[in-house]
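Thanks for coming, everyone. Let me put today's structure on the screen.

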Amino acid sequence: MQFSELGLDRRLVERMDHQGFQQATEIQQQAIPVAIAGKDLLASSKTGSGKTLAYLLPAVQRVMKQKALSKRDPRVVVLTPTRELAKQVYGQLRSLISNTSIKGMLILGGEDFNQQSKDLAKDPHFVIATPGRLADHLEHGHLYLNGLELLILDEADRMLDLGFADQLNAIHKAADHRRRQTLMFSATLDSAVVSEFGQDLLSAPARVRIDAE
Ligand code: ADP
Ligand code: MG
């Protein structure tokens, strides 16, 4: 299936075209329409199957379509288990939002906390972060999540393995309102920890599972 058949904005389909991507991967085919429809999603597919674009494309589309963006709060937060992964996601986001007025920010552990707090005050639409550092900023009142529309957990199983459950819960609670949509990706959906966690964070999620071909 082509990107043009998934309900994506023409500008995003053109971006994919520029990168030489016409054909959506299986997880993208399944996840993108669910995400665009505003439903919560719990999804798994193997490494290298294109999960990043499966959530970034609908997320960017959602922000693109908004005319008036209110001050203060990020629209979309993406959480990843590691700094390296967050950087990769941020790179993909940058190429999707170049030449738009959408702002994205990378918030990583181990970097200048005060500088990050100043950057957060500039009201980015997207925040890509590791959970520990984002929870710290939340505690210090450097960002508010009451306007958050989309919370994305990439490699949720690894975040839980690394002991981030409390931070993830704090972020979820700060953004716990009816309008919020949540997309959760995990290498496995079978783990009890993941499914229990999903029950707390997701509301009537669509489940997508792409097994190895
Ligand atoms: P995952 O998170 O599932 O491990 P990634 O999102 O990191 O996978 O994507 C793996 C690679 O596949 C990246 O280099 C990405 O640019 C590429 N990719 C993503 N979607 C497509 C597509 N539709 N066609 C071709 N390559 C793609
Ligand atoms: Mg990934």
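I'll cover confidence, then the ligand, the core and one annotation.

First, the ground rules. This is a predicted model: local features need pLDDT of at least 70, side-chain atom pairs count only at pLDDT 80 or more, and totals for chains, interfaces and linings use all residues. Residues are numbered from 1 along each chain as its sequence is written, and chains are lettered from A and ligands numbered from 1 in the order in which they are written.

Confidence next. pLDDT is the predictor's confidence in each residue, from 0 to 100. The protein chain averages 94, with 96% of its residues at 70 or more. The scores are ipTM 0.99 and pTM 0.97.

Now, which residues are around ligand 1? Phe21, Gln23, Ala24, Thr25 and Gln28 are among them. Around means a C-beta atom, placed from the backbone, within 6 Å of the molecule. Helix α3, residues 51–64, gives the largest share of this shell, three residues. Helices here are DSSP runs of H or I, at least four residues, numbered from the N terminus.

On to the core. The largest nonpolar core has 60 residues. Eight of them come from α3, the largest share. Such a core joins buried Ala, Val, Leu, Ile, Met, Phe, Trp, Tyr and Cys residues through C-beta atoms within 7 Å. Buried means 20 or more other C-beta atoms within 10 Å of the residue's own, C-beta atoms being placed from the backbone. Ile152 is one of those with the most contacts inside the core.

Last, the annotation. UniProt, in an unreviewed entry, places a "short sequence motif: Q motif" at residues 1–29. UniProt annotations may be inferred rather than shown by experiment. Over residues 1–29 the chain is 45% helix and 0% strand.

Key
Helix = DSSP H or I, 4+ residues; strand = E, 2+ residues; numbered from the N terminus. Buried ≥ 20, exposed ≤ 12 C-beta atoms within 10 Å, placed from the backbone.
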